[in-house]
Structures are given as structure tokens and as C-alpha cells.
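Subject: Structure handover

Hello,

Here is the structure I said I would pass on. Please keep it open while you read the notes under it.

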Amino acid sequence: MAGRIREDDIAEVREKARIDDVVSGYVTLRNAGGGSMKGLCPFHDEKSPSFHVTPARQFWHCFGCGEGGDVISFLMKIDGLSFTETVERLADKYGVTLRREDGDVRDDRPRGPQRGRLLEANKVAQVFYAEQLASTEALAGRQFLGQRGFDQAAAE
Ligand code: ZN
């Protein structure tokens, strides 16, 4: 697995991996009103919930210990994963295809347009030589092809 994960793919992971969905796997969340949810903080010991999740902003924050962040930092912290491992795990779970800075860029940049231009050049060359073959100067060429058993269509 070489190459950095592309920024727009990381952004897509942040968007698709619903923070309330991910956090619910670890913390029992209750509606806290105003579009946010709360539960007992998994990062410090507490009796009353001060751990808040705001799904609309894809953000979590604990008023007890001051920790906070996005869905990626939550998983990194709670499961002790690296940033890349976390992004890969979430991408897998939420169906995001990750592209790397190396490889992908090298792969799809030259291929499309250049291949088209080569095919075009071959076609133009074929038409040119077929026209030349019909000219008076090409008599020797036509005789040669005839001796070799090429009919007109095959020669063109
Ligand atoms: Zn806390």
C-alpha cells in the first residue's frame, strides 16, 4: 500500500461515515436536544454524560475532559489506530473507494488521450498510403502486391 490517500477521498470518508453511527458502536447516545446527542465519555471516568456528538457538524466534544474532533480522530483515539488505518477501515465499512496519490495519477493520466491520438495517427497514415498506392507512380508497388496475392482491399 504505497502512496498517500487522496484528500478528496478522505473528505468523502468524513462525510459518509456518520459520526453518530460510528460513536454508537462504543457509546450509548441519547438525544440531548438542539440536534446533538450525549453519552458517557469513553475517554474519562464520569457518572453523568458530558460527551456530546453533533451529527450535523460531524463533530464530537467532551465538556468533561475537553477532548473533541471528527469521526477519524474518535476512532484513532478509541481503538489506538493510525490515521491511515482509520481511514481505510471507515472507507471499507461505508463503501468509499480510496485512491492513492502515486500509482493512480501515473496510471490514468497519459493513457486515455495518448492512445486516442495514436489510433488517429495510424488511421490518417493508412488513408494516406492507400491513396498513394492508387497513383501512377505506385505501379511497381501494385505489381509487387499483386504477385504476393494481395487483392485491392487487403492492400489498402
Ligand atoms: Zn471526556
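The notes below go through the chain, the zinc site, a hairpin, the salt bridges and the core.

Please keep in mind that this is a predicted model, in which local features need pLDDT of at least 70 and side-chain atom pairs count only at pLDDT 80 or more, while totals for chains, interfaces and linings use all residues. Residues are numbered from 1 along each chain as its sequence is written, and side-chain values use heavy atoms, with hydrogens and water left out.

The chain

The chain has seven helices and five strands. Helices (H or I, at least four residues) and strands (E, at least two) are DSSP runs, numbered from the N terminus. Read from the N terminus, the order of elements is α-α-β-β-β-β-β-α-α-α-α-α. Of the 156 residues in the chain, 26% are buried. Buried means under 20% relative accessible area, exposed means over 50%, and partly exposed lies in between (1.4 Å probe, protein chains only). A contact means heavy atoms within 4.5 Å. Among the contacts in the chain with a separation of 6 or more, 44% are between residues 24 or more positions apart.

The zinc site

Four residues coordinate the zinc ion, at 2.1 to 2.3 Å: C41 through SG, H44 through ND1, C62 through SG and C65 through SG. Donors are N, O and S atoms within 2.8 Å of the metal (3.2 Å for Na, K and Ca); water is not among the atoms, so sites may look incomplete. What is the arrangement of the four donor atoms around the zinc ion? It is tetrahedral, because the angles they subtend are 102 to 122°. For four donors, tetrahedral requires all angles to lie between 85 and 135 degrees. Along the chain, the donors follow the spacing C-x2-H-x17-C-x2-C. H44 counts as partly exposed because its relative accessibility is 24%, whereas C62, at 0%, counts as buried.

Strand β1 (residues 30-33) runs antiparallel to β2, and three bridges join them. Two strands pair if DSSP finds at least two bridges between them. G33 has S36 in β2 as its bridge partner. Two residues lie between the strands of this hairpin, where G34 takes a positive phi near 60°. S36 has a relative accessibility of 11%, so it counts as buried. Leaving out residues up to four places away in sequence, S36 touches R30, N31, H52, V53, T54 and P55.

Salt bridges

Side chains of opposite charge can pair when their charged atoms come close. A salt bridge is a side-chain nitrogen of Lys or Arg within 4 Å of a carboxyl oxygen of Asp or Glu. The structure holds nine of them.

One of them joins R14 and D70, whose closest N and O atoms are 2.5 Å apart. This pair links distant parts of the chain, with R14 in helix α1 (residues 7-16) and D70 in the loop between β5 (68-69) and α3 (71-79), 56 residues apart. R14 is partly exposed, with a relative accessible area of 31%, and D70 counts as buried at 19% relative accessibility.

Another salt bridge is formed by the side chains of E67 and K77 (3.3 Å, N to O). E67 is in the loop between β4 and β5, and K77 is in helix α3, ten residues apart. E67 is partly exposed, with a relative accessible area of 30%, and K77 is also partly exposed, at 38%.

E88 and R100 form a salt bridge too, with their closest N and O atoms 2.9 Å apart. E88 lies in helix α4 (residues 83-94) and R100 in the loop between α4 and α5 (104-133), so the pair ties together parts that are twelve residues apart in sequence. E88 is partly exposed, with a relative accessible area of 27%, while R100 counts as buried at 12% relative accessibility.

The core

Which residues have the most contacts inside the largest nonpolar core? They are V22, V23, F51, V53, V71, F74 and L90, in a core of 23 residues. A nonpolar core is a set of buried Ala, Val, Leu, Ile, Met, Phe, Trp, Tyr and Cys residues joined through side-chain atoms within 4.5 Å. The elements that give two or more residues to this core are α1, α2 (19-24), β3, β4, α3 and α4.

Regards

Definitions and conventions. Four donors count as tetrahedral if all angles lie between 85 and 135 degrees; four count as square planar and six as octahedral if opposite donors are over 155 degrees apart and all others between 65 and 115; anything else is irregular.
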